[in-house]
Structure formats: structure tokens, C-alpha cells
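The following exercises concern a single protein model. Please work through each task before reading its solution.

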Amino acid sequence: MEFYNINGCTLDETQINAIEDDSSCVCVVAGAGSGKTAVLTERTIRKLLNGTNINRLLILTFTNAAAAEMRVRITAAVDKLIASSPSDSFYRNIKMKLPEAKITTMDSFCIGLVREHFHIAEIEPDFTILDNSEAQILIAEALNAMYEKMGDATDEEMAMLVEETGVIQELLS
């Protein structure tokens, strides 16, 4: 396998292919510290240099930290281009539009989409997202109600129910 150095980052052939892929969508899946942010940053810069408007791109990450890092790296790359060619208005125009970039986490993007189209989903526009502790409480309440209704169930039936539902023991502990 060959390795390439792009902007101080060593990338393999698969990563280079993701950068150079001309299709409109690319999914970069890899472990922590493997160069996903470098690949997406370089791909984004190349798209911008080829005339793609930043507001035509949607860059999704798993964490807020990764999204913030993407913004920082893209801004730094554009700043470097401006410094190398200060009279080039093309680079300054890219820089001006960077705040419009849709660089966010998958969950934030999906929440925004649902909030924008709440009427289609037939939900209230001010819905909230259930956090893990709230979910555990609701699950425990539902299980307690279910157990109460199953009051006459044998221990064997209860054990089978717990086995079938799998995560119940984990959630209740």
C-alpha cells in the first residue's frame, strides 16, 4: 500500500480516493485518529477551489469536536491560500462564505430537519430530545407497570420476559 503526504498528514490510497472522488456524496468511516478530518478537510477545500459554493456542501460528523475541528482546518486552509495570493478575490469570497458552511453532527442536522418539517412528522415544533437518564426512568416506569400487570406470572415467565427484552437488566442497574 502506498502512502501520500498532504499538508503534513500521511494518507493511504483509500483516503486519497475519497478526497479525489468526484461524486457528490462520500462517506468516510474509520477509527479515531485515522485521518477522517484531514480527508474531509482536503476534499472540502478541493471542492471549493473547483467552484462549489460552500452552502451546497453538507459535512456531517459524529461529534461536536470533530465539526469544530473541520471548521478550524477549513478556515486555516483558506487563510493560507489568501496569504499566498492576497490579491485573489476568489479566496476571499470563499472565506466570506465559510460562516454559512453546514458542518455539523448527524444528530444536530437531523434534529434541525425535523424541527423545520415538524408538521410533516406530525409532532409539536418545540419537541425535546430524551436524554439517557430520562429514557432509563421512562423504561423503568414502563417495566414496573408491565410487571404489575403480570402479577400472576410465574418466575419462569418473568425470566423469559427479561431474557427476551435483553437490555432491561442493564437499564435498571
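**Exercise 1.** Which residues does I111 touch, not counting residues up to four places away in sequence?

*Solution.* The model is predicted, so to speak of local features a pLDDT of at least 70 is required, side-chain atom pairs count only at pLDDT 80 or more, and totals for chains, interfaces and linings use all residues. Residues are numbered from 1 along each chain as its sequence is written, and side-chain values use heavy atoms, with hydrogens and water left out.

Step 1. List the contacts (heavy atoms within 4.5 Å): I111 touches F127 and I129.
Step 2. Classify I111: its relative accessibility is 26%, so it counts as partly exposed, where buried means under 20% relative accessible area, exposed over 50%, and partly exposed in between (1.4 Å probe, protein chains only).

**Exercise 2.** Is T41 buried or exposed, and which backbone oxygen does its side chain reach?

*Solution.* 
Step 1. T41 belongs to helix α2 (residues 36-49).
Step 2. With a relative accessible area of 8%, T41 is buried.
Step 3. The side chain of T41 reaches the backbone oxygen of T37 at 2.7 Å.
Step 4. Not counting residues up to four places away in sequence, T41 touches M70, R73 and I74.

**Exercise 3.** Which residues of helix α1 are buried, and where do they lie around the axis?

*Solution.* 
Step 1. Helix α1 covers residues 13-20, and its buried residues are Q15, I16, A18 and I19.
Step 2. Viewed down the axis of α1, these buried residues fall within an arc of 160°, so they line one face of the helix. The arc is that of the directions from the helix axis to the C-beta atoms.

**Exercise 4.** Where is E122 found, and what is its phi?

*Solution.* 
Step 1. E122 is found in the loop between α6 (118-121) and α7 (132-149).
Step 2. Its phi is positive, about 55°, although E122 is not a glycine.
Step 3. E122 counts as exposed, because its relative accessibility is 72%.

How values were computed:
Helices (H or I, at least four residues) and strands (E, at least two) are DSSP runs, numbered from the N terminus. A polar contact is a pair of N or O atoms within 3.5 Å; within protein, one must be able to donate a hydrogen and the other to accept it, and residues adjacent in sequence count only if both atoms are side-chain atoms.
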